[in-house]
Amino acid sequence: MSHGRFDSTTTPHPGSADPTLSDGAPLSVSLTDTDLWLIDTLLGPIRAWTSPRCYGFENIPADGSVLLVGNHNLLGVVDAPLLMGEILRRRGRLIRGLAENVLIDVPGVRHILHHFGAVRGTRPNCSTLLQRGEAAIVFPGGGREAVRRKNEKYVLKWEGRTGFARMAIAAGAPIVPVASIGVDDAFDIVVDGDHPVLRPLRWTVEALGLSRELTPPLVRGVGPTVIPRPERFYFSAGAPIDPAPWLDADDMDTAAVELRDVVRKALEEEMNFLFAERERDAGRTLTGRARRWLTR
């Protein structure tokens with residue numbers, strides 16, 4: 001990772017007014033050497049445990065507005081931070097995350113997220129970032145895709161989700177599909193959020209003002225623990241998709257659906273590429289990686 005003060009891109013989109021972000025989030029973010037060291041320190045154990053492989057990151061523009069669109073893995077708290085950290089390390093670009101409301105509503109957590117570039121996940125916030133030439137990432141499946149059920153391994157839950165396509169069209173920002181796999185192989189779902197045994201947890205979720213659909217599953221990794229199995233993680237960024245062909249559409253609803261479907265197809269192709277890479281990777285597991293190290 002490079003040293004010195006790291007500033008996010010802040011070149012405003014032509015014609016943009018004086019924008020603001022909600023909750024007092026900073027428009028631009030500057031990361032110091034200490035911040036970069038802290039990111040590396042926090043992600044280091046995960047990186048060492050999963051030995052991630054990354055493909056196509058050259059498709060992520062070095063500057064200018066871009067909207068990364070990804071798939072959530074199980075729970076969504078492992079893959080997303082590691083993906084953004086790998087882009088920062090390998091591409092030198094800070095990706096502005098769109099955080100869940102429940103996280104931003106906690107004062108201390110909100111301050112930390114803002115410091116490292118995340119904002120509340122709203123359309124106005126995302127649009128503002130794109131207008132300023134920033135790189136933002138969205139997971140259209142949201143929390144429901146992350147708190148998947150037993151029969152939903154690597155399933156995209158994009159029903160009715162067109163907001164990201166509308167924002168990209170309005171901002172003229174290219175969309176880069178970014179696929180992630182690994183977490184769903186590192187955990188097993190013991191019981192999912194619909195199981196009767198998790199009824200008290202569903203009540204807690206609803207008490208927090210959330211939909212019961214967002215009740216997280218009970219998972220296990222290594223043995224009966226929640227430590228993820230040391231499966232390798234794989235990330236792939238596809239070719240940028242230009243939203244310009246949809247800019248002058250007479251029916252923006254139809255245009256957003258069409259662009260969403262194009263992005264979904266591209267993301268599924270990246271996921272299929274990663275599935276193929278995983279199947280032929282002798283170092284997919286920790287045992288396989290150790291065997292290769294010992295035979296060098």
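Buried residues are those under 20% relative accessible area, exposed ones are over 50%, and partly exposed ones lie in between, with a 1.4 Å probe and protein chains only. Helices (H or I, at least four residues) and strands (E, at least two) are DSSP runs numbered from the N terminus. The model is predicted, so local features need pLDDT of at least 70 and side-chain atom pairs count only at pLDDT 80 or more, while totals for chains, interfaces and linings use all residues. Residues are numbered from 1 along each chain as its sequence is written, and side-chain values use heavy atoms, with hydrogens and water left out.

**Helix α5**

In helix α5 (residues 123-131), the buried residues are N125, C126, T128, L129 and L130. Their cover, by contact (heavy atoms within 4.5 Å), includes the strands β4 (66-70), β5 (96-99), β6 (119-120) and β7 (135-138) as well as helix α7 (163-171). At the start of α5, a side-chain oxygen of T122 comes to within 3.2 Å of the backbone nitrogen of N125. After the helix comes G133, which has a positive phi, near 80°.

The axes of α5 and α7, lines fitted to C-alpha atoms over the stretch in contact, come within 10 Å and cross at roughly 35°. Angles run from 0 to 180 degrees between N-to-C directions. Residues R123, C126, S127 and L130 of α5 meet G163, R166, M167 and A171 of α7. By class, this contact has 4 nonpolar, 2 polar and 2 charged residues; Ala, Val, Leu, Ile, Met, Phe, Trp, Tyr, Cys and Pro count as nonpolar, Asp, Glu, Lys and Arg as charged, and the others, Gly among them, as polar.

**Strand β7**

Strand β7 is covered on both faces: A135 and I137 are buried on one side, A136 and V138 on the other. Strands pair if DSSP finds at least two bridges between them.

| Strands | Bridges | Direction |
|---|---|---|
| β4 and β7 | 4 bridges | parallel |
| β5 and β7 | 2 bridges | parallel |

**R47 in helix α1**

R47 lies in helix α1 (residues 33-50). With a relative accessible area of 16%, R47 is buried. Apart from neighbours within four places in sequence, the contacts of R47 are D40, P52, L82, E86 and R89.

Conventions:
A polar contact is a pair of N or O atoms within 3.5 Å; within protein, one must be able to donate a hydrogen and the other to accept it, and residues adjacent in sequence count only if both atoms are side-chain atoms.
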